[in-house]
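This report describes one protein model, part by part. Please look at the sequence and the structure before reading on.

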Amino acid sequence: MTPALVVAFIVLVVTMLFAATLALPSTASALTVNKATARANESTNTNVIGGQPTRVTWEGTVAADEEVSSVSFVFPQGSWVAEDANIKATILDGTKRVETEQNATLDNTGATIEFPSNVASGYLIRVEIYKLALPAEGGAFTLTGSYTNAEGESIDLVESPAIKVISLTPTDAIIAWLDQQPWVEAWNSVLFLKIFLNPQMIVAAAPNLFTGFLRSLGLVLVGFPLAIPIGLAISFLRMSKLRILRFISGIYVNVIRGTPLFLQIYIAFFGLPFLGISIDDYLLGIIVLAMNSSAYLAEIFRAGIQSIHKGQFEASMSLGMNGIQTMFFVIIPQTVRR
């Protein structure tokens with residue numbers, strides 16, 4: 001046999017062995033992991049905070065022609081359980097709950113649930129772990145572990161979908177400390193104090209209130225200076241010799257001053273989108289504040305300008321000044337001082 005035929009024969013044998021390996025039936029998993037979630041435990045949002053007890057829910061479905069006798073979980077490193085933590089499993093056949101006995105053990109490293117009567121094929125196993133705190137540093141964590149089938153074989157669980165956890169914020173740390181204080185519990189036992197002066201709620205709301213204050217301050221610092229030239233222009237229109245300009249500016253001032261600022265904000269933020277007009281919220285807030293303030297400033301400027309004695313106008317005209325020069329170099333400086 002020539003060397004070429006030997007090489008070809010070896011290649012053929014290897015190919016046949018590889019094909020035979022692929023043709024072998026693969027071992028099917030007896031338990032399919034459906035989901036893993038954690039209940040939000042943040043006081044002011046919908047996040048899961050690390051280092052704080054929460055409820056973790058895991059679901060898996062028993063495969064066809066299979067049975068499961070126990071399920072074990074390994075918690076992410078850094079997790080811990082509270083003293084009153086517990087674990088329970090719910091067996092569902094579709095939407096119908098199946099009553100079954102179960103024995104559970106739980107500690108800081110993991111949990112195990114045993115079923116004296118095996119869970120039948122097609123059933124959904126929902127495991128709820130109460131008062132489990134995931135790692136305080138935050139991140140994306142999965143539940144791993146193993147399960148035992150009807151033959152007593154221990155098989156590794158497929159990693160669950162990741163649970164997103166955020167790190168413990170200073171605000172939540174203060175709230176957690178308050179929750180453990182006897183005087184806070186005694187304070188909140190009084191219904192009036194709990195409703196209106198709840199320490200935990202005050203601490204939770206403080207960051208949002210401070211952020212809202214800074215945003216409101218920013219809107220005022222931009223909107224009010226913008227209202228000054230607008231108000232000055234409207235005051236000139238209010239004193240115009242053209243009746244149509246006085247009429248339009250009068251309607252503007254009377255409508256804006258005669259309606260609450262809240263109503264103007266409501267119309268701007270809900271009425272304009274209804275008409276198909278989309279404007280950035282912050283820009284729209286600046287516009288509404290500037291329009292509202294300009295109506296009041298227009299009357300202030302008009303009253304100030306008209307309080308200047310007519311002789312000032314006549315003196316300026318005698319010096320050769322035109323109307324614009326008279327207004328900006330003689331009348332307005334005196335108006336600002338008044």
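## Strand E8 and its partners

Eight bridges join strands E2 and E8, and the two run antiparallel. In this predicted model, local features need pLDDT of at least 70 and side-chain atom pairs count only at pLDDT 80 or more, while totals for chains, interfaces and linings use all residues. Residues are numbered from 1 along each chain as its sequence is written, and side-chain values use heavy atoms, with hydrogens and water left out. Strands (E, at least two residues) and helices (H or I, at least four) are DSSP runs numbered from the N terminus. Two strands count as paired if DSSP finds at least two bridges between them.

Strand E8 covers residues 124-133, and seven of its ten residues are buried, so the strand is largely enclosed by the rest of the structure. Buried means under 20% relative accessible area, exposed means over 50%, and partly exposed lies in between (1.4 Å probe, protein chains only).

## The sheet around E8

E8 belongs to an open sheet of five strands in the order E1-E2-E8-E4-E5, with antiparallel pairing. Strand E1 (31-38) and strand E5 (96-98) are the edge strands, each pairing on one side only. On average, neighbouring strands of this sheet are turned by 30° against each other, direction ignored. For such angles, axes are lines fitted to C-alpha atoms (for helices over the stretch in contact), and the angles run from 0 to 180 degrees between N-to-C directions.

Strands of a sheet pair through backbone hydrogen bonds, either parallel or antiparallel.

Another open sheet has five strands in the order E6-E7-E3-E10-E11, and its pairing is antiparallel. Its edges are strand E6 (103-106) and strand E11 (154-156), each of which pairs on one side only.

Strand E10 (residues 144-149) pairs with E11 in the antiparallel sense over three bridges. Ser 146 stands opposite Asp 156 in E11. Thr 148 also has its place in strand E10, and at 19% relative accessibility Thr 148 counts as buried. Leaving aside neighbours within four places in sequence, Thr 148 is in contact (heavy atoms within 4.5 Å) with Glu 67, Val 68, Ser 69, Ser 70 and Glu 153.

## Aromatic pairs

How many aromatic pairs does a search of the whole structure find? The search finds three. The rings of Trp 58 and Phe 73 have centres 5.0 Å apart and planes at 70°, so this pair is edge-to-face. Trp 58 lies in strand E2 (residues 53-62) and Phe 73 in strand E3 (residues 68-74), so the pair ties together parts that are 15 residues apart in sequence. Trp 58, at 1% relative accessibility, counts as buried, and so does Phe 73, at 4%. Rings of Phe, Tyr and Trp (its six-membered ring) pair if their centres lie within 6.5 Å; planes under 30 degrees apart count as stacked, over 60 as edge-to-face and the rest as tilted.

Phe 192 and Phe 196 form a tilted pair, with 5.0 Å from centre to centre and 45° between the planes. Both lie in helix H4 (residues 191-196), four residues apart, about one turn of the helix. Phe 192 and Phe 196 are both exposed.

## The protein as a whole

The protein has ten helices and twelve strands. Its radius of gyration is 37 Å, well over the 20 Å that the globule rule gives for 338 residues, so the protein is more spread out than a compact globule. The radius is taken over C-alpha atoms, and the rule is 2.2 Å times the number of residues to the power 0.38. Along the principal axes, the C-alpha atoms fill a box of roughly 120 × 80 × 35 Å.

Of the 338 residues, 33% count as buried. The protein exposes about 21,200 Å², with carbon and sulfur atoms supplying 64% of it. Accessible areas come from the Shrake-Rupley method with a 1.4 Å probe, and for residues only the protein chains shown count as cover. Among contacts with a separation of 6 or more, residues 24 or more positions apart account for 71%.
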